[in-house]
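Biologist: Before we go through the labels on this model, I would like each one tied to its rule. Please show the structure.

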Amino acid sequence: QVQLVESGGRLVQAGGSLRLSCAASRGTFSSYAMGWFRQAPGKEREFVSGINQSGLSTAYADSVKGRFSISRDNAKNTVFLQMDSLKPEDTAVYYCAAKRGVVVTRNPKNYDYWGQGTQVTVSS
């Protein structure tokens with residue numbers, strides 16, 4: 001029932017910034033905690049960041065803490081991921097996900113809906 005569409009991914013140089021957006025189905029967005037995950041070629045999908053229903057609680061992977069920031073606008077059914085000081089190891093397909101329930105989790109198996117992903121490539 002929930003449809004998610006990511007956008008904003010592109011090629012950037014190391015040290016640069018990028019802002020990803022995820023647009024969700026209107027009328028259902030505020031009922032879900034949201035998360036950002038990423039997957040590089042040959043690797044498992046990993047947690048990047050999450051945000052609860054109200055936007056008052058956030059979580060980050062250690063690898064991105066201090067560089068990335070997640071936020072949401074429930075009125076516009078959109079979640080964002082601001083990425084600063086990008087590194088080549090940040091290169092991956094980034095996925096937006098929605099989870100039924102109250103709090104965010106780091107396990108991708110707990111998320112019920114997924115977007116198609118947006119490619120982020122960071123060059124040296």
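Modeller: β7 and β8 pair in the antiparallel sense over 6 bridges. This is a predicted model, where local features need pLDDT of at least 70 and side-chain atom pairs count only at pLDDT 80 or more, while totals for chains, interfaces and linings use all residues. Residues are numbered from 1 along each chain as its sequence is written, and side-chain values use heavy atoms, with hydrogens and water left out.

Biologist: What makes β7 and β8 a pair?

Modeller: Two strands pair if DSSP finds at least two bridges between them, and β7 and β8 have 6 bridges, so they count as paired. Strands themselves are DSSP runs (E, at least two residues; helices are H or I, at least four), numbered from the N terminus. Opposite D73 stands T78 in β8.

Biologist: Why is β7 called an edge strand?

Modeller: The open sheet has 4 strands in the order β1-β3-β8-β7, with antiparallel pairing. The edge strands, β1 (4–7) and β7, each pair on one side only.

Biologist: How do you know that β4 and β5 pair?

Modeller: They share 5 bridges in the antiparallel sense, and R38 has E46 in β5 as its bridge partner. The two strands form a hairpin with 6 residues between them, and G42 in the turn has a positive phi of about 80°.

Biologist: Why is the contact between E46 and R38 called a salt bridge?

Modeller: The rule asks for a side-chain nitrogen of Lys or Arg within 4 Å of a carboxyl oxygen of Asp or Glu. In E46 and R38 the closest N and O atoms are 2.8 Å apart, so the pair meets the rule. By this rule the count comes to 4 salt bridges.

Biologist: Is R38 buried or exposed?

Modeller: Buried means under 20% relative accessible area, exposed over 50%, and partly exposed in between (1.4 Å probe, protein chains only). R38 has 6% relative accessibility and therefore counts as buried. E46, at 36%, counts as partly exposed.

Biologist: What other salt bridge does R38 form?

Modeller: The side chains of R38 and D90 meet in a salt bridge, 2.9 Å from N to O. R38 is in strand β4 and D90 in the loop between β8 and β9, 52 residues apart. Both R38 and D90 are buried.

Biologist: Why is R100 called exposed?

Modeller: R100 has a relative accessible area of 53%, so it counts as exposed. Its side chain meets that of D112 in a salt bridge (2.9 Å, N to O).
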